[in-house]
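Here is a short briefing on a protein model. Look over the sequence and the structure first, then read the points below.

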Protein chains: 4
Amino acid sequence: MQIDLNCDYGEGFGGSHNGDDVTLLHSVTSANIACGAHSGDPDVMRRSVIQARELGVSVGAHPGFPDLQGFGRRMLLMSPSEITNSVLAQIGALYAIARAEGVTLSHVKPHGALYNYAAVTPAAAEAIVDAVAAFDPDLILIGLAGSRLVDAGHAAGLRVAHEAFGDRTYEADGTLRARHLPGAVIHDNNTALQQVIRMVQEGHVMAYDGTRVSIMADTICLHGDTPGASTRAARLRQGLIAVGVRVAPLTTIVSSNNRWRRSA
Amino acid sequence: MQIDLNCDYGEGFGGSHNGDDVTLLHSVTSANIACGAHSGDPDVMRRSVIQARELGVSVGAHPGFPDLQGFGRRMLLMSPSEITNSVLAQIGALYAIARAEGVTLSHVKPHGALYNYAAVTPAAAEAIVDAVAAFDPDLILIGLAGSRLVDAGHAAGLRVAHEAFGDRTYEADGTLRARHLPGAVIHDNNTALQQVIRMVQEGHVMAYDGTRVSIMADTICLHGDTPGASTRAARLRQGLIAVGVRVAPLTTIVSSNNRWRRSA
Amino acid sequence: MQIDLNCDYGEGFGGSHNGDDVTLLHSVTSANIACGAHSGDPDVMRRSVIQARELGVSVGAHPGFPDLQGFGRRMLLMSPSEITNSVLAQIGALYAIARAEGVTLSHVKPHGALYNYAAVTPAAAEAIVDAVAAFDPDLILIGLAGSRLVDAGHAAGLRVAHEAFGDRTYEADGTLRARHLPGAVIHDNNTALQQVIRMVQEGHVMAYDGTRVSIMADTICLHGDTPGASTRAARLRQGLIAVGVRVAPLTTIVSSNNRWRRSA
Amino acid sequence: MQIDLNCDYGEGFGGSHNGDDVTLLHSVTSANIACGAHSGDPDVMRRSVIQARELGVSVGAHPGFPDLQGFGRRMLLMSPSEITNSVLAQIGALYAIARAEGVTLSHVKPHGALYNYAAVTPAAAEAIVDAVAAFDPDLILIGLAGSRLVDAGHAAGLRVAHEAFGDRTYEADGTLRARHLPGAVIHDNNTALQQVIRMVQEGHVMAYDGTRVSIMADTICLHGDTPGASTRAARLRQGLIAVGVRVAPLTTIVSSNNRWRRSA
């Protein structure tokens, strides 16, 4: 009974900041660091890598669409080869900065619209997987649990981490309930905690309509861009530990979970 | 006895923010809005124009070096014609957005490294003046009091506003004391207020070495990028009003001050 | 019997060039100048405005998606208000530079993926129309003949120019035949000329399947990004004049054509 | 008697091109590929790496100031740590793309204003050296022969290649004659060839004033951005071979030259 906790980090650029809160890093085991395309200039990257290293948090690349103005949250219709090349350049940029700090990258998690696009589009998923596999097949790929992205990662032989959410409601088909629908976001900290505990201990989640949906969660996404985020993150972590769930690094989680999967 | 108060505004870009605080707008009469080169995407520009209009604050363009990563604070060795064209494009971008909101631009104040470069470099000062004069000779140009930029503006027949600082110490030659030297920044609110009052009422400032230096101040720069900035700004404004100084828009200030200057 | 001929121009950025060929300007009556988002830095803009002015070519804004890497040819899912603000900023940037050269903008033609998106998407079309109308309702809007963009322009009371193509084949429903299909591009100069003559003189075009399709053409797009483009453009212009078609500026065309339309 | 020949390559971005001529690659042994900051998007990078690999040309990183509009030719006053981080991110981006093509980077040569700045400024030179050494101390650093950059590289224990020019005149102090002075550029191909032959065979160059100046040349820069560049490059290569100079890869040159230097 173990789980990784991840958060996005280093999402500022130049004189602008997005309210990175180093306190949040105290609660996670993995940090996804922006690589300069949707945010994250080289100085922000280096500072973020140092902060993660000091707290023993694993560092991963967080590539997004090259759309600084839209913060990578707007769909940009790149071709598969354009996606592969952009993701390669982004991973490489962070890799070099991490290397200068003696830090090895552990994982890759696409950002925003690229994450969502790859979750449902095989060609985009494969384009990202191509980049990860070509750069370093030991990198763990984080994708939405049950999505095309994790499928593509598995198919290419990558280690894959299925990501789930404590603060989002699921539909009966296992997809996330769209944000604009009522009940899509779980604001109550205890409800979110119970949802994560059920995912980890029982391998399922209660969908919005009451259906019980199987879900495989290797890592939980902790959002950092709302007020009180670091406090909520700390409580979730404590709540998990209190019921006996071990909060562990992705490398531990994925190898053991993947092993279990293979036997399943 | 009157003075304009100005602040920089709208200095965010994309998903990143620089902590714009609309409260600060309550204390000023002029807002200098970033135009997309060092910060300020079109959506931030529009939101900022609307906020300024709602509070009756004059809107001006705040062009900077095209260096988003460096926030326009790093010297970029552009040629005079490159500066002119960049400043034109930046003024035009804000002009169009302001026009859509029924707002007329009142002034132009260069940002950061461009402001400092033009303060001491006639060719850069003239390049900026060329852009302002070519676009609209009715725009008021804000520059460091006594600098090459205001000289160039006067020479070209522009209306010019001399900018002074309440929270910075001056040297005996009228320049700002460099930030890295001791005593360069005035942290005490009352000391800053007294410096501004003396500038406005007596036309001079006490330099770091005790020398009495003549200074002509049409507008005071209120910094917004430090904690407590809006509170400090409100106190300065109140303090000025309390001693009978009128806080008035730039258009009023400059025409009357300029008239007085001509007769001097 | 008259027609405007337009081309895109000024689509270089920084040390890179896209092979702008000033010779092409000799054949057109309208130049659509890139405004810095998909291409066109301020120096390229100024140079392009000067070249157009010297040849008596009307200058228009050519706004595109803010995607320099993709040259504005990739769909970027901006919201309507983001489109409006971006188009405003782009028009304004060119407006300011043109004003410094004593040139008044005559028209706006969206670029690439934005042009195509607005051709079929009412919300995007209206977002562009909002920007044009808010900035200057006297600007002529160029859109694909019969598209949602020209519809939105008409609905808002703008003067609208319907654009048609000599070197592209049409389908029976009046849309352009997709580029990846056989016969989509007309390579033979004489065939292209005959298609344009028929559009202007008879108001229709022969579709790929032989159907006769009504089309209203105010302006013909001359592509400049292929080898021999300026020679082809010159021949088209000469061919039109030889059969008695007058090549005239957009302002002349649109007012007279629109008048004719109203009576139709 | 051997020399490396290098050229800049892959300096296009998005829809814009800088006239990359693959023919030029036939004459060189090393290609310096732009890394996205002053030019070179990920797709251009990948295409350039493939072209170099196919012709057996060594691939190196060509980092520049992050100034796309100025093509990295304008001085940007970055701090040493900003330079280090930017150079790291640029090397990393190209490294990742090269790795996907099975290509190992052989060298790093700074571009334009960064190259010139580092040639005369120890802090900037050390900032670049820090990046190279932290990323991979086996990378060869190319700098202007006799400059601060090569000094800093030697001091840090890097393998360093001294770069010299066939088409530029030297001053008596070993610096390049400034471009705006008469006689700065050597237009005659044979004169350029003789200058390079003398550098390689005799270890000196005739300065503009006739002085004989010692110069150590490991690699010659072949400019690609002028008409006829690839023809000139081919002739230089043939001319060198004709007199018995071996045109050899940088790795061969530097190790043997460095050995010779140590014994000198």
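Is B:Arg53 buried, partly exposed or exposed? This is a predicted model. B:Arg53 is partly exposed, because its relative accessible area is 38%, between the cut-offs of 20% and 50%.

**Salt bridges**

- Over all chains, the structure holds 28 salt bridges.
- In one of them, the side chains of B:Arg53 and B:Glu101 meet at 2.8 Å, N to O.
- This pair links distant parts of chain B, 48 residues apart: B:Arg53 lies in helix H2 (residues 42-54), and B:Glu101 lies in the loop between helix H3 (80-100) and strand E4 (107-108).
- B:Glu101 is buried, at a relative accessible area of 15%.
- In chain D, D:Arg53 and D:Glu101 form a salt bridge with their closest N and O atoms 2.9 Å apart.
- D:Arg53 is partly exposed at 37% relative accessibility, whereas D:Glu101 is buried at 15%.
- C:Arg74 and C:Asp67 also form a salt bridge, with 3.0 Å between the closest N and O atoms.
- C:Arg74 is buried at 5% relative accessibility, and C:Asp67 is buried at 3%.
- A network of salt bridges links A:Asp8, A:Lys109 and A:Glu163.

**Nonpolar core**

- The largest nonpolar core has 310 residues, and those that touch the most other members include B:Ile220 and B:Leu240.
- Beyond its neighbours within four places in sequence, B:Leu240 is in contact with residues including B:Ile3, B:Leu5 and B:Val247.

**Chain copies**

Methods
Residues numbered from 1 in each chain as written. Chains lettered and ligands numbered in written order. Predicted model: local features only at pLDDT ≥ 70, side-chain atom pairs only at ≥ 80, totals over all residues. Heavy atoms only, no water. Core = buried A, V, L, I, M, F, W, Y, C linked by side-chain atoms within 4.5 Å. Buried < 20%, exposed > 50% of the residue type's maximum accessible area, 1.4 Å probe, protein only. Contact = heavy atoms within 4.5 Å. Salt bridge = Lys/Arg side-chain N within 4 Å of Asp/Glu carboxyl O. Helix = DSSP H or I, 4+ residues; strand = E, 2+ residues; numbered from the N terminus.
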